[in-house]
Structures are given as C-alpha cells and as structure tokens.
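Please keep the viewer open while you read.

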Amino acid sequence: MAAFVLPFEKPVVDLVERVRELRVLSETDATLAPELARLEQETSRLARELFSDLTPIQKVQLSRHANRPYTLDYVKRLCTDFVELHGDRRFSDDPAIVGGLATYHGHSVVVVGHQKGRGTKENMKRNFGMPNPEGYRKAIRLYELADRFGLPILTFIDTPGAYPGIGAEERGQSEAIGAALAAMARVKVPIIASIVGEGGSGGALALGVANRVLVLEFGCYSVISPEGCAAILWKDGSRADEAAAALKVTAFDLLRLGIVEAVIDEPAGGAHQDYDEAARQLDAVLWPTLSALLALSPDALVDDRYDRFRRLGAFRS
Amino acid sequence: MAWPEKQVPTTDASEKVSFGAGVFRRCDGCGETLAATELAAAFEVCPLCGQHHRLDADGWRKLLLDDGALDAWDTTLEPLDPLEFSDGKSYRDRVAIAQKKTKAREAIDIGGAALGGRPIAFGAFVFSFMGGSMGSVVGEKIARLFERAAAGGLPVVLLQASGGARMQEGILSLMQMAKAVAALERFRAKRLPFVSVLLHPTTGGVAASFAFLGDVNVAEPKALIGFAGARVIESTIRQTLPPGFQRAEFLIDHGMVDMIVPRTEMKATIGTVLDHLMRRQAPGSAPTA
Ligand SMILES: [Zn+2]
C-alpha cells in the first residue's frame with residue numbers, strides 16, 4: 001500500500017513498520033519471538049498514549065486517511081459470497097455507493113456502503129465517495145430488496161457528503177436523500193450502520209437510519225464538515241480545528257450524545273495499519289448486535305428504529 | 001462538505017429599503033414604488049409585476065387559514081444547548097436574540113386549523129428565526145405534527161422555509177431529519193395526504209428530508225430550492241452557475257415539484273388537492289349502472 005503518513009502519526013507508523021518487519025523475520029527465526037512480543041506491546045502502548053491525546057481535527061484527519069480501509073475492504077473480510085448489485089434502474093450506476101448480497105455468519109444479508117477510491121484514477125471514478133442521486137436511489141432499491149426477502153441490512157458509512165453539483169441538483173439530490181431516509185424508516189428488517197470513516201451530513205445519514213449505529217474509534221459524524229462550518233461562522237476555513245472541537249464529531253462525543261450505541265476499538269495506530277484486525281474488531285461487536293436484532297419481529301424492528309430516533313434531541317417543554 | 005449555506009439570496013430586499021418612514025416600498029421585481037399598505041394588503045405580491053416578496057408566518061396564516069386562526073400546539077418548547085456551542089457568541093445568546101427579534105420561541109409553528117372549512121394539521125417555518133434552521137425543537141415539532149395528524153385523521157399542510165440543519169446543535173440537528181421523516185412515514189401509512197409547500201428558501205437538511213416527500217409538492221414562484229448552497233457548488237465544480245439555477249422554475253423543469261402556484265391561488269389550489277385526496281372511496285363502492 002502506498003504509504004501516506006500524517007505528521008502526528010509518524011512515531012507510531014515507524015514502530016508499526018518495525019513490528020511488521022520483525023514479524024516476517026520471526027517466521028524463520030524463533031528466537032526473535034520475545035523481541036517481537038516486546039515490540040508489539042510497546043507499539044500498542046505508544047499508539048494508545050499518542051492517540052489518546054489527539055485533537056478533534058486530528059481524529060477527523062484519521063477518519064479521512066487515504067490508507068483507511070473502505071467498505072469493500074470490510075465486506076471482503078466480514079462476508080463471503082458477495083454479489084455486487086448495480087444501478088438505480090432509473091438513470092445510471094453510482095460507484096460512490098456499493099451494495100449487494102452477501103453471507104455474514106451464515107445469514108444472507110444486504111450490504112450498502114459508501115465507497116472511496118484508492119489513488120487518483122479510482123477516486124475520480126468513485127467521486128471521492130460523494131454520491132449523486134443515483135447512489136441513493138440504488139441504496140433505496142437495495143433496502144427494498146432486503147425488505148421483500150427478509151434480509152438484514154448492514155451499511156458502511158464513509159463519505160465527505162452527498163455531491164454538490166449541477167447534475168445532482170437537476171436530478172433531485174434532496175429528494176433522493178429524503179426518500180432514502182423514508183425507506184430506511186419503513187423496512188421491516190434489522191439495520192445496522194457502521195461508521196467506518198467520515199460521516200458527512202445528510203449524505204451519510206441516508207445510510208444511517210438504523211436500529212443500531214456503531215462507530216470506529218477514529219470515525220466521525222457531523223452535520224457539516226469542520227471546514228464548511230468554519231467558513232460559515234468565521235469566513236475562514238482554516239479554523240477547522242476550532243469548528244471540529246465545537247461540533248463534537250468524534251466517536252466518544254457521538255457515544256455521549258446517544259448518536260451511536262458503541263465505539264469499536266481500532267488496531268494500534270488506526271484501522272489503516274491492520275485491515276484484518278480492524279475487521280475482526282468490528283465483527284466482534286457487529287455480529288452480537290445483529291444476533292440480538294434477529295430475535296425481534298418485523299413490526300418490532302420498525303418500532304425499535306422509530307423509538308431510537310424519536311428520542312434524539314435536546315429541548316425543554 | 002455540503003451544507004447549510006447561510007448566504008441565501010433574498011427576494012425581500014424591499015423590506016430593507018424603506019423611505020418616506022415606511023410608507024412606501026420599492027418592488028424587487030419591477031422597481032416601482034408602492035404604498036407599503038397596498039403591498040401588505042396584497043400579501044406582499046406586487047400588483048404591477050407579480051413579484052412575490054417574503055411573507056412572514058403571520059401573513060401566511062392570514063392567507064391560508066380560515067379567520068387566520070391557528071390552534072397552536074406545543075408552544076412552550078425551547079432549545080437547550082447540548083454542545084455548549086459558541087462561535088464567539090454562545091448558542092444560548094443567539095437563541096435569546098432570535099426570540100427577542102422575532103417574538104417567536106422557535107423556528108416553526110404547528111397547530112390545528114381549517115382551510116376553506118377543511119380541518120387540517122398545519123405547520124409553518126419561521127424563517128426570520130435563525131434562518132428557519134432545524135434543531136431539536138423544530139424536529140420534535142414536525143414529528144408531533146405528523147403524529148397528531150395521524151391520530152386525528154387530519155391532512156398535513158407544511159410550509160417549508162429553511163436554510164437547513166442548525167449547525168449549533170451539531171449532529172443532533174442532523175438526527176432531526178431522520179426523526180421527522182420517520183414520523184412522516186407513519187403518517188403516510190394512514191393514507192392521509194401531505195401537501196408540502198416549498199417557499200423561499202428551502203435548502204439543506206430540510207430539503208433533503210421531508211420537504212420533497214409531499215404527496216403533492218407545491219412551490220412558490222422564484223423560490224430558491226435545493227440541496228447544496230450555490231457557493232458550495234461553485235467552489236466544488238469551479239464554474240459559475242447558470243441563471244435561474246435552483247429556482248422553482250428550474251425544479252418544475254426537472255420534475256421535482258408538481259406545480260408553481262402564485263400566492264393568490266395558493267389556498268384554493270391546496271383546498272382542491274385536499275378534496276381529491278380525502279374523498280376516498282370504499283372498495284366496491286363504484287356506481288353500478
Ligand atoms: Zn413589481
């Protein structure tokens with residue numbers, strides 16, 4: 001993988017690299033095992049220490065990290081028999097949202113997720129994970145497919161936001177997102193959303209009206225990007241650090257505000273340092289969460305989702 | 001990335017241009033000088049060119065509701081400050097200032113009313129209250145509007161005018177979109193009509209949740225309606241936007257609203273739509289002749 005390193009993660013990245021090298025060497029030289037164990041521990045300790053002090057904007061940067069695992073990286077590790085389904089049956093197929101059928105712990109499920117690209121070429125194709133209306137209409141089609149066949153829905157949220165473009169407006173970006181929210185509210189199957197990277201506003205929420213919402217340790221979720229917020233408040237996008245702090249966008253903020261049910265630990269140095277381990281950690285929470293929901297009746301699932309969102313808000317009467 | 005864009009172009013500049021101590025106003029459309037009383041009596045529509053200037057929530061009640069009367073629901077709801085948000089000025093202060101300026105508690109009124117003798121559940125955004133932005137109170141009141149209407153078997157008429165989600169409530173404001181749409185879904189299951197009236201402006205999180213989910217979507221002439229703000233789009237695509245972009249006429253051209261209705265015909269049009277949708281026929285009741 002092309003190494004992209006944020007300045008503040010450099011010490012951890014160096015250690016993780018050394019662990020990786022040592023792991024390779026210790027496969028042929030058993031005497032290195034104690035040294036490997038020591039270094040692994042040291043790495044994990046340093047990563048925890050360093051990353052526990054990260055500022056909100058640094059966590060936002062991690063959530064957008066170019067090496068971070070994306071939806072298809074998780075689907076590949078969590079599921080088998082993945083069959084990707086394409087198109088909204090109305091206009092086109094939007095590669096910024098992927099979805100399809102898969103087997104998860106022996107159950108057929110429908111997966112839907114934002115998909116960013118790796119490298120310039122794929123990012124152009126996937127529009128940097130910013131969907132057009134067709135992406136949301138494909139998602140709606142898949143939510144309804146899941147509903148007809150009684151399949152649980154697993155979504156993966158990772159987008160800067162819905163694409164703000166002329167064509168998107170012409171083809172009804174607002175309506176597409178609104179209709180996706182409605183479809184998610186309506187379907188009588190379990191829905192679990194996992195925020196694996198950036199949760200950018202309404203474009204993220206269109207995959208987020210779930211019975212349970214999980215967030216990775218360095219995932220974020222916000223009504224507006226810190227840069228956009230700073231531009232509006234202070235006419236100065238460079239004050240994104242202040243906006244990120246004010247908006248309360250980090251995983252533990254979300255837990256405290258009742259927006260998510262659980263925060264998933266990431267491997268030392270972040271999910272991008274070890275995709276397999278990141279997927280294992282997510283699976284360790286995702287599967288029990290789904291198991292519990294499978295016990296609910298179709299109507300109870302709709303009521304459960306209704307009550308979950310009905311409670312969210314802060315006001316006095 | 002996207003929203004909400006706060007600098008929404010306005011069509012009510014006339015309210016800022018007052019000369020002759022507010023006796024005369026200049027029309028934004030034709031530039032003619034009009035008697036302020038004449039413009040107010042015409043619900044802010046220019047008698048010469050038909051330009052629609054902003055009509056406040058009070059004016060809309062008088063225009064649409066019988067006797068201008070609204071039996072207001074949940075008038076005491078007020079926002080908290082869950083994020084302890086401050087941009088130099090605290091959110092609490094901003095709310096207090098808005099309340100003082102607008103004499104409203106929050107950015108939406110809801111209640112029971114009659115429209116041409118038809119009982120309805122009615123909601124109207126108060127755009128002058130923090131740009132009609134949707135925080136917890138607005139989300140809650142919209143959810144209650146749909147819940148009460150569903151329980152009482154009433155159609156819903158909701159006038160949209162909002163810049164989108166309320167940034168100062170952060171992620172909780174985003175959740176209001178889901179809450180309001182979920183309540184709308186339950187209401188729809190009762191097969192009761194929802195007429196969504198899109199006024200100037202309807203953008204961001206309000207546009208991208210319930211505003212386009214009306215059984216019938218009605219827009220006002222020239223209203224700005226869209227997902228992303230013009231500046232955000234321009235800075236993303238590095239192009240100037242075409243004239244008329246995101247105006248009501250652009251939306252009808254692209255199939256996003258059912259009709260553009262001038263203010264003078266709004267009450268009659270909504271009434272006719274409600275009659276059609278409420279005149280439900282029992283199965284098997286077709287005339288046998
Ligand atoms: Zn005029």
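Predicted model: local features only at pLDDT ≥ 70, side-chain atom pairs only at ≥ 80, totals over all residues.

What follows goes from the contact between the chains to the cores, then to the domains and a few single residues.

**Where the chains meet**

Which of them gives the most?

A helix pair across the chains is worth a look. Two packed helices are described by the angle between their axes and the distance between the axes. Helix α8 (residues 173–186) of chain A packs against helix α5 (residues 170–189) of chain B at an angle of about 65°, and the axes are 9 Å apart. The crossing of α8(A) and α5(B) is right-handed. From α8(A), the contact uses G178(A), L181(A), A182(A), A185(A) and R186(A), while α5(B) brings M177(B), A178(B), V181(B), A182(B), L184(B) and E185(B). By class, the residues of this contact are eight nonpolar, one polar and two charged.

**The cores**

The largest nonpolar core has 171 residues. Those with the most contacts inside this core are A139(A), A180(A), L181(A), V215(A), V156(B), V181(B) and L184(B). The element that gives the most to the core is α5(B), with twelve residues. L181(A), V181(B) and L184(B) also belong to the contact of α8(A) with α5(B). Leaving out residues up to four places away in sequence, A139(A) touches I97(A), G99(A), V112(A), A180(A), A206(A) and L207(A).

**Chain B in brief**

Chain B has nine helices and twelve strands. Of its 289 residues, 51% are buried. Among contacts in chain B between residues at least 6 apart in sequence, 68% join residues at least 24 apart.

**Two domains in chain A**

The domain assignment divides chain A into domain 1 (8–53) and domain 2 (58–310). Their C-alpha centres lie 31 Å apart. Eight residues from domain 1 of chain A and four residues from domain 2 of chain A make up the contact. On the domain 1 side, α1 (10–26) and α2 (33–52) of chain A each supply at least two residues. The residues of that side are five nonpolar, two polar and one charged.

**An enclosed helix**

Why is α10(A) described as largely enclosed by the rest of the structure? Seven of its nine residues are buried, so the rest of the structure largely encloses this helix. The buried residues are P226(A), G228(A), C229(A), A230(A), A231(A), I232(A) and L233(A). They pack against α3 (56–63) and α11 of chain A. Just after α10(A), K235(A) takes a positive phi of about 50°.

**Two buried residues**

N211(A) sits in the loop between α9 and β6 (212–216) of chain A, while R137(A) lies in helix α6 (residues 133–149) of chain A. Are they buried or exposed? N211(A) is buried, because 25 other C-beta atoms lie within 10 Å, and R137(A) is buried because 26 other C-beta atoms lie within 10 Å.

N211(A) touches P190(A), I191(A), I192(A), L293(A), L301(A), D304(A), R305(A) and R308(A). R137(A) is in contact with D88(A), R90(A) and A176(A).

The table sets out a C-alpha distance for each of the two residues.

| Pair | Separation along the chain | C-alpha to C-alpha distance |
|---|---|---|
| N211(A) and W234(A) | 23 residues | 37 Å |
| R137(A) and D93(A) | 44 residues | 9.4 Å |

Key
Residues numbered from 1 in each chain as written. Chains lettered and ligands numbered in written order. Domains from an automatic or database assignment. Contact = placed C-beta atoms within 7 Å. Helix = DSSP H or I, 4+ residues; strand = E, 2+ residues; numbered from the N terminus. Nonpolar A, V, L, I, M, F, W, Y, C, P; charged D, E, K, R; others polar. Axes fitted to C-alpha atoms, helices over the stretch in contact; angles between N-to-C directions. Left-handed = near helix turned anticlockwise from the far one by under 90°. Core = buried A, V, L, I, M, F, W, Y, C linked by C-beta atoms within 7 Å. Buried ≥ 20, exposed ≤ 12 C-beta atoms within 10 Å, placed from the backbone.
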